[in-house]
Amino acid sequence: MQVFKNIYDYRELLKTNVKKDIRGKYKGSFLGILWSFLNPLLQVVVYYIVFPYLMRGANIPNYIVYLVTGIIPWTFFATVVTSGTTCIKSNQGIIKKVYFPREILVISQVLSGLINFFISCIIVILFCFAFGVGMSIHILIIPVIAIIQSILGLGIAFILSSVDVYIQDLEYIVTFIVNMLFYGTPILYSLSQFNDAGILGRLIQLNPLTTIMNAYRDGFLYHQWPDMSALLIVTLFSFVVLIVGYIIFKKLEKGFAEQL
């Protein structure tokens, strides 16, 4: 496929963009890349203190580890989607001057997010040991889940980044939807709390991120292999989103220079 040839031919540009995304995110800040650890860690602290009083989250065993294994993967997803949405517009200067495959910009956002996620996984491992959960061989499934999540995020980012060039307010709509989706995914609560919630519980179950979050927790927290049939369905869905997203991106790419 042409896309793989483009990635290989422009691999140096891709590596440069990934490095720029990782270093530039916290450029000028005193703690630098340490914010990759501190941001999700501070979120965990806030939710651990507040949420148990709102929805009885404290009834979940090892609740603080439960939070960590949800918030850090969610941060990865949210970052990829929000930064991926604006990556074409934020690079309009270079797009107008130099030719290169525009998909490189989107792919670099996902790769930098994936690297930050793997760095942040150190927090999860530390929490697992600190609170007596420990580690098992099931942690080997985590990179596989992260790749599946990356495929889904890349497909979504292809769609949103290309449409954002034509619809100026899209990034604000995406931020709102991502915030809503956070509460539609079992990150702060357990899915079992919505067993009798009718259509709401069903929608949460159908959310592909629910399967992904459960799979992370199986590998990190529960020391078991995830539901492989559910994970396979999400994998196939992610590839469909990726293919459709790439087709949309290439269709809309022709007008980028004129619209920017």
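Reader: Why are helices α4 and α7 called roughly parallel to each other?
Author: The axes of α4 (residues 63-86) and α7 (residues 142-164) cross at roughly 25 degrees. Angles under 35 degrees count as roughly parallel, over 145 as roughly antiparallel, 65 to 115 as roughly perpendicular, and the rest as oblique. The pair α4 and α7 is therefore roughly parallel. The axes come within 7 Å; axes are lines fitted to C-alpha atoms, for helices over the stretch in contact, and angles run from 0 to 180 degrees between N-to-C directions. This is a predicted model, in which local features need pLDDT of at least 70 and side-chain atom pairs count only at pLDDT 80 or more, while totals for chains, interfaces and linings use all residues. Residues are numbered from 1 along each chain as its sequence is written, and side-chain values use heavy atoms, with hydrogens and water left out.

Reader: What is the handedness of the crossing of α4 and α7?
Author: The crossing of α4 and α7 is right-handed. A crossing is right-handed if the near helix is turned clockwise from the far one by less than a right angle, and left-handed if anticlockwise.

Reader: Which residues of α4 and α7 meet, and what kinds of residue are they?
Author: Among the residues that meet are Pro73, Phe76, Phe77 and Val80 in α4, and Ala146, Gln149, Ile156 and Leu160 in α7. Contact means heavy atoms within 4.5 Å. The residues of this contact comprise nine nonpolar, seven polar and one charged. Here Ala, Val, Leu, Ile, Met, Phe, Trp, Tyr, Cys and Pro count as nonpolar, Asp, Glu, Lys and Arg as charged, and the others, Gly among them, as polar.

Reader: How do you know that α7 and α11 are roughly parallel to each other?
Author: The angle between α7 and α11 is about 25 degrees, and their axes are 8 Å apart. By the rule already stated, α7 and α11 are therefore roughly parallel to each other. The crossing of α7 and α11 is left-handed. The residues of the contact of α7 with α11 divide into 19 nonpolar, six polar and no charged.

Reader: How many helices and strands are there in the protein chain?
Author: The protein chain has twelve helices and zero strands. Helices (H or I, at least four residues) and strands (E, at least two) are DSSP runs, numbered from the N terminus. Of the 260 residues in the protein chain, 49% are buried. Among contacts in the chain between residues at least 6 apart in sequence, 79% join residues at least 24 apart.

Reader: Which residues touch the most other members of the largest nonpolar core?
Author: Those residues are Trp74, Ile88, Val106, Ile145, Phe158 and Tyr216, in a core of 68 residues. A nonpolar core is a set of buried Ala, Val, Leu, Ile, Met, Phe, Trp, Tyr and Cys residues joined through side-chain atoms within 4.5 Å. The elements that give two or more residues to this core include α2 (11-25), α6 (103-130) and α10. Helix α4 gives the most, with 14 residues. Ile145 touches Ile212, Ala215, Tyr216 and Leu231, leaving aside residues up to four places away in sequence.

Reader: What makes serine 190 buried or exposed?
Author: The relative accessible area of serine 190 is 17%, so this residue is buried. Serine 190 lies in the loop between α8 (170-183) and α9 (199-206). Beyond its neighbours within four places in sequence, serine 190 is in contact with Ile60 and Tyr66.

Reader: What is the phi of asparagine 62, and how exposed is this residue?
Author: Asparagine 62 has a positive phi of about 50 degrees although it is not a glycine. Most residues other than glycine have a negative phi. Asparagine 62 is in the loop between α3 (35-55) and α4, and its relative accessibility of 39% therefore counts as partly exposed.

Methods. Buried means under 20% relative accessible area, exposed over 50%, partly exposed in between (1.4 Å probe, protein chains only).
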